[in-house]
Amino acid sequence: MAKPILVANWKNHPASLEEAKSLIRELSKAKLVLKKTRLFIAPPLPYFELVSSGARSFAGLASQNMFAHMKGSYTGGITPGILKSFGVRLAIVGHSERRAQGESSEAVSLKVKAALKAGIAPLVCVGEPSRDADGEYFEVLRDEIKASLAGLSKSNVSSVIIAYEPVWAIGKSAKESLAPAELAESVIFIRKVLSDLFGRKAAESVHILYGGSVEYANAGTLARESGISGFLVGHASLNAKQFVAIAKSLTGK
Ligand code: PGA
């Protein structure tokens with residue numbers, strides 16, 4: 001069976017290089033557990049070197065964002081080619097915190113295509129901002145998936161990984177997160193949307209991760225009962241003990 005995928009989204013943490021070093025040291029102690037997953041760490045850019053050298057034996061390097069253009073003069077934009085040359089193998093694209101700053105699904109779709117061209121796996125974040133009793137949020141989700149994956153083909157969509165992150169469930173506690181049955185329902189819906197867009201075979205090959213307040217307390221049930229391939233973890237990835245426990249519940253050990 002394929003290893004579960006685990007992505008640590010450090011966002012803009014830890015606050016200092018020293019703290020980041022200590023987190024890597026703590027994680028290294030559990031490398032045998034972590035190696036049972038396909039682990040990626042997405043640190044702030046200044047910690048790239050630390051993560052790529054310090055975690056090389058148990059984690060791949062990921063970026064939290066990526067520029068959509070391959071070359072040109074764009075101050076502040078980091079191109080897929082540069083990321084790739086630093087060893088980045090996966091890029092988080094369209095995180096809701098970036099969408100909240102104005103990143104559109106059209107912009108996300110350009111980044112997805114640029115990542116694929118550079119040989120970086122795009123981890124495309126999608127998720128409804130809120131839920132309503134009539135289930136209209138499903139339409140919101142469908143539209144977002146469709147626009148974010150626009151222009152992809154049956155053959156390249158299988159290199160895309162989807163991170164389903166309901167915006168309302170991000171940055172909370174395990175108790176306030178999505179229930180396993182609700183997650184299972186969303187995963188079925190996302191696969192149906194992918195199948196309508198790219199055909200059943202291609203849709204089945206796409207890995208779907210869950211993100212949004214994954215902690216040790218809910219990781220086990222979410223992993224077991226929902227048909228996901230792994231997790232995108234925010235705040236709990238900054239606590240080595242929690243994070244290793246999440247990895248254990250993903251691998252069933
Ligand atoms: P959280 O963040 O685990 O802190 O909810 C997840 C994310 O924003 O990717």
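Which hand does the crossing of helix 7 and helix 9 have? The crossing of these two helices is right-handed, where right-handed is said if the near helix is turned clockwise from the far one by less than a right angle, and left-handed if anticlockwise.

Before I go on, a word on the basis. What you see above is a predicted model, in which local features need pLDDT of at least 70 and side-chain atom pairs count only at pLDDT 80 or more, while totals for chains, interfaces and linings use all residues. Residues are numbered from 1 along each chain as its sequence is written, and side-chain values use heavy atoms, with hydrogens and water left out. Helices (H or I, at least four residues) and strands (E, at least two) are DSSP runs, numbered from the N terminus.

Let me stay with helix 7 and helix 9. Their axes come within 10 Å and cross at roughly 45 degrees, the axes being lines fitted to C-alpha atoms, for helices over the stretch in contact, with angles that run from 0 to 180 degrees between N-to-C directions. That angle makes helix 7 oblique to helix 9; under 35 degrees would count as roughly parallel, over 145 as roughly antiparallel, 65 to 115 as roughly perpendicular, and the rest is oblique. On the side of helix 7 the contact (heavy atoms within 4.5 Å) is made by Tyr137, Phe138, Leu141, Arg142, Ile145 and Lys146, and on the side of helix 9 by Glu185, Ser186, Phe189, Ile190, Val193, Leu194, Asp196 and Leu197. Sorted by class, this contact has nine nonpolar, one polar and four charged residues, where Ala, Val, Leu, Ile, Met, Phe, Trp, Tyr, Cys and Pro count as nonpolar, Asp, Glu, Lys and Arg as charged, and the others, Gly among them, as polar.

Now to the aromatic residues. The structure holds four aromatic pairs, a pair being rings of Phe, Tyr and Trp (its six-membered ring) with centres within 6.5 Å, and planes under 30 degrees apart count as stacked, over 60 as edge-to-face and the rest as tilted. In one of them, Phe138 with Phe189, the ring centres are 4.7 Å apart and the planes stand at 45 degrees, so the pair is tilted. Because Phe138 lies in helix 7 (residues 137–148) and Phe189 in helix 9 (residues 180–198), the pair ties together parts that are 51 residues apart in sequence. Both Phe138 and Phe189 are buried, buried meaning under 20% relative accessible area, with exposed over 50% and partly exposed in between (1.4 Å probe, protein chains only). Together with Tyr137, these two residues form one aromatic cluster.

Next comes helix 12, which I would like to take with two partners. The axes of helix 11 (residues 216–224) and helix 12 (residues 240–251) come within 8 Å and cross at roughly 15 degrees, and the two are therefore roughly parallel to each other. Their crossing is right-handed. Tyr216, Ala219, Gly220 and Ala223 in helix 11 meet Gln242, Ala245, Ile246, Ser249 and Leu250 in helix 12, and the residues of this contact divide into six nonpolar, three polar and no charged.

With helix 1 (residues 17–28), the axis of helix 12 comes within 9 Å and crosses at roughly 40 degrees, and helix 1 and helix 12 are therefore oblique to each other. Here too the crossing is given as right-handed. Leu23, Glu26 and Leu27 of helix 1 and Ala240, Phe243 and Val244 of helix 12 make the contact, which by class has five nonpolar, no polar and one charged residues. In helix 1 we also find Ser22, which counts as partly exposed at 31% relative accessibility. The C-alpha atoms of Ser22 and Ala240 are separated by 9.6 Å, although these residues are 218 residues apart along the chain.

Finally, some backbone details in the loops. In the loop between strand 1 (5–9) and helix 1 sits Pro14, and the peptide bond from His13 to Pro14 is cis, with omega near -15 degrees. Lys11 lies in the loop between strand 1 and helix 1 and has a positive phi of about 50 degrees although it is not a glycine. Ser213, in the loop between strand 7 (207–211) and helix 11, is another residue other than glycine with a positive phi, near 55 degrees, and at 5% relative accessibility Ser213 counts as buried.
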